[in-house]
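The stops below can be followed in order.

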Amino acid sequence: MEYARDIEADIKARLFESGKVSVLYGPRQVGKTILVKKILSDNESSSGYFNCEEQPVADVLASHNSGMMYAFFAGHPVIVLDEAQSVKNIGRALKILIDAHPELPIIATGSSSFDLANKINEPLTGRHYEYFLYPLSFNEIAEAASNRVLFENLETRLIYGSYPEIVSATTQDDARARLESLSTSYLYRDVFKFNDIRNPEVLADILRALAYQVGNEVSLNEIANLVGVDKKTVASYVRLLEQAFIIFRLPSFSRNLRNEIKQGKKYYFYDNGIISALTRDFRLPITGRDVGHLWENLMMSERRKHNQRHHRYVSQYFWRLRGAGELDLIEDADGELLPFEFKWKKTRMSASAANFVKTYGTRPVQIINKSDFIDFVI
């Protein structure tokens, strides 16, 4: 099944703006290549696709010669430079090309920000738009089927996630096999190529530790002791995992109270299926299993997709008082604090949530449970 991607309209709206490059980020296997090839097809420019991992393409970009690059890429209504992070100094090459020929509509894609963003942001300051492609959103799945399908398959999404090839799997065994492959090869490809990765086993151990701590405040010192390396190494590897779009962090919220946690952080995965693959736990149905942390991760990742789709530019935090409970999510939307709790079944607000409302004078905490989540994610 083909899925219409939410971000496609945003890319197309700015694609032909003179002197601008469109940069599309996202984890491996989320459908970036499929999306850009669709955009090419819609603009009758299928021949404008170039894979930067192919040597002739990489060589002409590495030349930094505007004439050579124009001769190589011109003549296509739209140009796609896929896997652009594989080209050294790609940002400078694109700057030279777009400065000489601002009329060229160019899309550059990349699956790791430590390569692509670092090489593009400074050279292309003011000359590019950035977009992010997630695994399939609930909205994209619902548009291909219906909201009813989301409720019927909610436990499946909770365990197997929403990478396109996983959603399209015909059986759970097929989905599990694909996730096992994804979590052990494709996903880490960019990280393992990074020069500072000297011990891939340690990286995998750190990632598994994070998978078991989803929804909890993370101590890098504890992880360091658990895997047998120093805290500096853990912090470095965690940062790489963030830059490869495998995990993202949620900082703590603090303004008024002395006993608020001020420096805490949580880590979530962009996709629940990776958690299941790392913990080797694919049990369905989920009766008898602690699903609270899985539900929290699913809602956190889907909320990020929701905010992007609706162009909501908010800051996100969790809140915790020492010894007095916590609140799962606070969004700061232009100064208005919006509090949320994630509960698989429960509908009653916790005492700590009520404490937050009283302290900060916000609206009541919204409980996001399995019976009432659609508006939160779609």
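What follows is a tour by selection, with the contents of each stop.

The model is predicted, so to speak of local features a pLDDT of at least 70 is needed, side-chain atom pairs count only at pLDDT 80 or more, and totals for chains, interfaces and linings use all residues. Residues are numbered from 1 along each chain as its sequence is written, and side-chain values use heavy atoms, with hydrogens and water left out.

**Stop 1**

Helices (H or I, at least four residues) and strands (E, at least two) are DSSP runs, numbered from the N terminus. These strands form an open sheet in the order β2-β3-β4-β1-β5, with parallel pairing. Two strands pair if DSSP finds at least two bridges between them. From one strand to the next the twist averages 20°, where axes are lines fitted to C-alpha atoms, for helices over the stretch in contact, and angles run from 0 to 180 degrees between N-to-C directions.

**Stop 1: strand β4**

Keep β4 and show its side chains. Five of the five residues of β4 are buried, so the strand is largely enclosed by the rest of the structure. Buried means under 20% relative accessible area, exposed over 50%, and partly exposed in between, using a 1.4 Å probe and protein chains only. On one side of β4 are I106, A108 and G110, on the other I107 and T109, and all are buried, which leaves both faces covered.

Which residue of β4 is the bridge partner of V21? It is I106. I106 is also the bridge partner of I79. V80 stands opposite I107.

**Stop 2: helix α2**

Select residues 32–42, which make up α2. Its buried residues are K32, L35, V36, I39 and L40. Seen down the axis of α2, they fall within an arc of 140°, so they line one face of the helix; the arc is that of the directions from the helix axis to the C-beta atoms. Contact means heavy atoms within 4.5 Å. Just after α2, pick E44, which has a positive phi of about 50°.

**Stop 3**

H128 is buried, at 15% relative accessibility. The H128 side chain reaches the backbone oxygen of L124 at 2.9 Å, and a polar contact of 3.2 Å joins it to the side chain of E130. A polar contact is a pair of N or O atoms within 3.5 Å; within protein, one must be able to donate a hydrogen and the other to accept it, and residues adjacent in sequence count only if both atoms are side-chain atoms. Leaving aside neighbours within four places in sequence, H128 is in contact with K20, V21, V23, I120 and N121.

**Stop 4: helices α3 and α4**

Select residues 55–62 (α3) and 66–73 (α4). Two packed helices are described by the angle between their axes and the distance between the axes. For α3 and α4 the angle is about 145° and the axes are 8 Å apart. P56, V57, V60 and L61 of α3 meet M68, M69, F72 and F73 of α4. By class, this contact has eight nonpolar, no polar and no charged residues. Ala, Val, Leu, Ile, Met, Phe, Trp, Tyr, Cys and Pro count as nonpolar, Asp, Glu, Lys and Arg as charged, and the others, Gly among them, as polar.

**Stop 5: N272 in α16**

Select N272, in helix α16 (residues 272–279). N272 is buried, with a relative accessible area of 1%. Its side chain reaches the backbone oxygen of L294 at 3.0 Å, and a polar contact of 2.8 Å joins it to the side chain of N297. Not counting residues up to four places away in sequence, N272 touches R157, L158, I159, G161, L294, N297 and L298.

**Stop 6: the four-strand sheet**

Finish with the open sheet ordered β8-β9-β10-β11, which has mixed pairing. Its edge strands are β8 (315–320) and β11 (366–368), each pairing on one side only. Neighbouring strands of this sheet are turned by 35° against each other on average, direction ignored. Select β9 (residues 326–333) and β10 (residues 336–342): they pair in the antiparallel sense over five bridges. A333 stands opposite E336 in β10.
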